[in-house]
Amino acid sequence: MSDVALLPRAAPARERPICRHCGVPVIGDEAFCCAGCASAYAIIDAAGLGSFYRKLEAFRAHRPEALETDFRGFARDLGSGVFALDLLVEGLDCAACVWLIESLLARNPSVRQARVNLSTRRLALKWQGRAEQANDHAALIAALGFVPAPYRAPEALVQDERETRELLRSMGVAGFAAANVMLLSVAVWSGHDGSMGEATRTLFHWLSAAIALPAVAYAGRPFFRSAIAALRRGRTNMDVPISVGVALACLVSLHETWIDAEHAYFDSAITLLFFLLIGRYLDRRARGRARYAVQAMLALSTGTAHVLSQGGVAEPRRFDQLAEGDVMLVAAGERLGADGTVVEGRSALDTSLISGESLPQAAVAGDKVVAGMVNIAAPLRVRVTASGERTVLAEIVRLIEAAEQGRSRFVALAERVARAYAPVVHLTALASFVGWMVLGGLGWDRALVVATAVLIVTCPCALALAVPVVQVVASTRLMKSGVLLLSPSALERLAAVDHVVFDKTGTLTLGRPELVSSIDDEALLQAAGLAASSRHPLAKALVRAAPRARAVSGVIEHPGQGLEANGVRLGSVRFCGVAKSSSDELSELWLARPGRAPVRFAFADRLRPEARATLDRLRLMGKTIELLSGDRFAAVAPVARELGIDMWRACATPAEKAEHLAQLARQGVRVLMVGDGLNDAPALAAAHASLSPATAAEATQHAADAVFQGDSLAAVGDLLEIALRTDRLVRQNLALALAYNLAAVPLAVAGMVTPLIAAVAMSTSSILVIVNALRLGAWRRDA
Amino acid sequence: MDSLMILVPAALLLGLIGLAAFLWALSRGQFDDPEGAAGRILFDDD
């Protein structure tokens, strides 16, 4: 094992040594950046799995973080001492991580099964022994630098996975039948010049029927069900003409076969279903992946609280099982699982999830606290006053859902086309049936064959592929830019946006304090060593600025004031006994050492990388830009000035934000809202389209149409540009598909469409829209 | 004509075997994790 294996392949050799596990630069000739990485490396090496580091691709291993969840309650008892646990594993980036986790768990003789699914980031674990071992397994995974979270699939998702599987099975059956029927049909078509006898042809038709009819009955179920459901509600959708067309084609062909006629349309019916199922499956997959990502984030929020029982013993209890009157023991670093009142203790709470405020709030006995806040200083005892669905957090989520109802009225272009298209198709088919019977003097069965040909030719095969294929290509391309689409109609709405409203904290800026003053290395290391044991945002910023600092032991935390160890103090001006305060408005920490001058650390929130460039790009695209913040006037003005934003407003409450967006909507402005706080969530739901960073509150991400990852704001520009391109491609594809179908209609009405012509028309139009959609994948941002 | 009596059932049988294999693979979860499966073959079991 050499250090060189840890370097990314493309990077030139660096002079600075890096941590053997996570790859951040380290000081001097030390091998690791922190104790966590050292033990992760030791675990992997002791198990003889050291080749993991060579197997890593472009990714690095992650720095381990302590676990906060009790996994005991999530283990399922399968009987006879076997337990099962499903975990979502964050930080699972590549196949090497899969290999590492599976191999390492398999070393444990009690583990029966350990299987990681890289696509869904899930680990299925089964072991023989006790439920308590759940924590050992989770801790092992956490010690390697991954973040495991308990996972229970919500009912809706289980249902969804079942449906996806059914689609895939239907697709397999339809594909098999289509290939075999087509084999027979090609023989029939090439025998039309007289080289095939009538008896053989009829035999082949019967064979086709024997394959196609059961296959259609099986593979067509998703469409038949949806069509019947739509008709029951007195509507039509794309599935109605599909179902009618396919069913009619089968019946008519059966009749034609019965009377030894020349043409049967079995191949058209089954091939049509095959193509449509492909489109349907692609559509679902593109949405599914985004759903897994959100789910992963939500799963991280489920957790365990410790409840004091009558005997005074702390017992783990899942958040969803907390009851009113329970007394929770909230350790430093834990997230509150329910609303309540502090009964004992003195600490500081990180309220950023609820209010968006980046600095912590003091909490003493008698204070009301709500679920979602994180205790960052000292242990607290909290009496639960509301849990589960009755918490303030759940209330806000409900408000967002209510605001979202308004958006669900949006009807996607493809849906509008389908609604208009279905009646036209049915009328044309009916008209040609009646026309040929009454005016053309054909028998009812001949006229029905013509009508069937019309239905087959107009069947929206390319139409059904036109939109999903573009969506799949677009969402794959967006994922490369770090954007996850959460709403299927998001791209279409994003393409129509002409005004972009940004929140400030956490959106234009990173939303976390960063060290801005330059400090000598010794003081910084000493301060960061103290700070390592605190969860205060400023302390975390210090540790980020000096990741190689060694944690100092014996640190005493004085809640709301500072940290102390061996006479060295780190904290507020008063705590460190400093006389004068600085004049600027930056957040600060002081380091006081015996016999040395106190050192000041100043912190400020920084603009996201590429914020300026992104705004310029948006202006170039013709969008107007507005800044709408809940922060103070003095904090908003400099940001607006630096980014050249003329339209800006400070001190906006959540209600004012939502009202402002509603007002813009009334003026007919199509707004994209970009925000991250829970206070932005109602505004996000009220906007025409919305976007939030992946660091946003979970409920906020729920309200957004798309989520972007990483610190850079460039994803916003990419998203809008890809949305525009997608919209253009969707329109092109719809036009192509419609033109193709409409061009074939006169032929069909004239009774000239044989099964061969139908097959050619169907295939070429489908290939055309797919190839057109693939053009999007090749798009690159101009540097 | 006689050859058809053998060839057509043979083609159908082969197709059916393929279909059965697909359905078997699907029910055994072989299509659940395409990304992971792609990476897994690169590594030995140990």
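**Notebook: chains A and B**

I started with one residue pair: in β23(A), the bridge partner of Phe502(A) is Leu627(A). The model is a predicted one. Then I looked at the two strands themselves. Strand β16 of chain A covers residues 499-502, and strand β23 of chain A covers residues 624-628. They run parallel and are joined by four bridges.

**Entry: the sheet around that pair**

I traced the strands on either side. They belong to an open sheet of seven strands in chain A. I wrote the order down as β15-β27-β26-β25-β16-β23-β24, and the pairing is mixed. Which strands stand at the edges? I found β15 (483-485) and β24 (647-649) of chain A there. Each has a single partner strand, so one side of each is left without a neighbour in the sheet.

A reminder to myself: strands of a sheet pair through backbone hydrogen bonds, either parallel or antiparallel.

**Entry: antiparallel pairs**

Next I looked for antiparallel pairs. Strand β20 (residues 568-571) and strand β21 (residues 587-592), both of chain A, pair in this sense over three bridges. Leu570(A) stands opposite Leu591(A) in β21(A).

I followed β21(A) to its other listed pairing. Five bridges join β21(A) to strand β22 of chain A, residues 599-607, and the two run antiparallel. Here Glu588(A) stands opposite Ala602(A) in β22(A). Which residue takes a positive phi in the hairpin of β21(A) and β22(A)? I found Gly595(A), with a phi near 75 degrees. This hairpin has six residues between the strands.

Strand β3 (residues 111-117) and strand β4 (residues 122-128) of chain A pair in the antiparallel sense over six bridges. Val111(A) faces Trp127(A) in β4(A) across this pairing. Four residues lie between the strands of the hairpin. Arg121(A) has a positive phi there, near 60 degrees.

**Entry: two helices side by side**

I turned to the helices. Helix α12 of chain A, residues 413-438, packs against α24(A) at an angle of about 0 degrees. Their axes are 12 Å apart. Angles under 35 degrees count as roughly parallel, and α12(A) and α24(A) are therefore roughly parallel to each other.

I listed the residues that make the contact. From α12(A) come Leu413(A), Ala414(A), Val417(A), Thr428(A) and Ser432(A). From α24(A) come Val730(A), Leu734(A), Val745(A) and Val749(A).

I moved past the end of α24(A). Ala750(A) lies in the loop between α24 (714-749) and α25 (755-774) of chain A. Is Ala750(A) buried or exposed? It has 12 other C-beta atoms within 10 Å. A residue counts as exposed at 12 or fewer, so Ala750(A) is exposed. I also checked Ala750(A) against Trp436(A). They are 314 residues apart in sequence, yet 9.1 Å apart in space, C-alpha to C-alpha.

**Entry: the cores**

I looked up the nonpolar cores next. The largest has 137 residues. Ala174(A), Ala269(A), Ile270(A), Leu273(A), Ala706(A) and Leu719(A) touch the most other members. Which element gives the largest share of this core? It is α24(A), with 15 residues.

Leaving out residues up to four places away in sequence, Ile270(A) touches Ala174(A), Ala177(A), Ala178(A), Val181(A), Ala212(A), Ala215(A) and Val216(A). There is also a second, separate core of 45 residues. Cys34(A), Cys97(A), Ala138(A) and Val147(A) are among them.

**Entry: chain B against chain A**

I then counted the contact between the chains. Chain B gives 20 residues and chain A gives 20 residues. On the side of chain B, α1 (2-27) and α2 (34-40) each give two or more residues. The most comes from α1(B), with nine residues. By class, this side of chain B has eleven nonpolar, four polar and five charged residues.

**Entry: totals**

Chain A has 25 helices and 27 strands. Buried residues make up 45% of its 783 residues. Of the contacts in chain A with a separation of 6 or more, 67% join residues 24 or more positions apart. Chain B has two helices and zero strands. Of its 46 residues, 2% count as buried.

Key: Residues numbered from 1 in each chain as written. Chains lettered and ligands numbered in written order. Predicted model: local features only at pLDDT ≥ 70, side-chain atom pairs only at ≥ 80, totals over all residues. Pairing = 2+ DSSP bridges. Buried ≥ 20, exposed ≤ 12 C-beta atoms within 10 Å, placed from the backbone. Contact = placed C-beta atoms within 7 Å. Nonpolar A, V, L, I, M, F, W, Y, C, P; charged D, E, K, R; others polar. Core = buried A, V, L, I, M, F, W, Y, C linked by C-beta atoms within 7 Å. Axes fitted to C-alpha atoms, helices over the stretch in contact; angles between N-to-C directions. Parallel < 35°, antiparallel > 145°, perpendicular 65-115°, else oblique.
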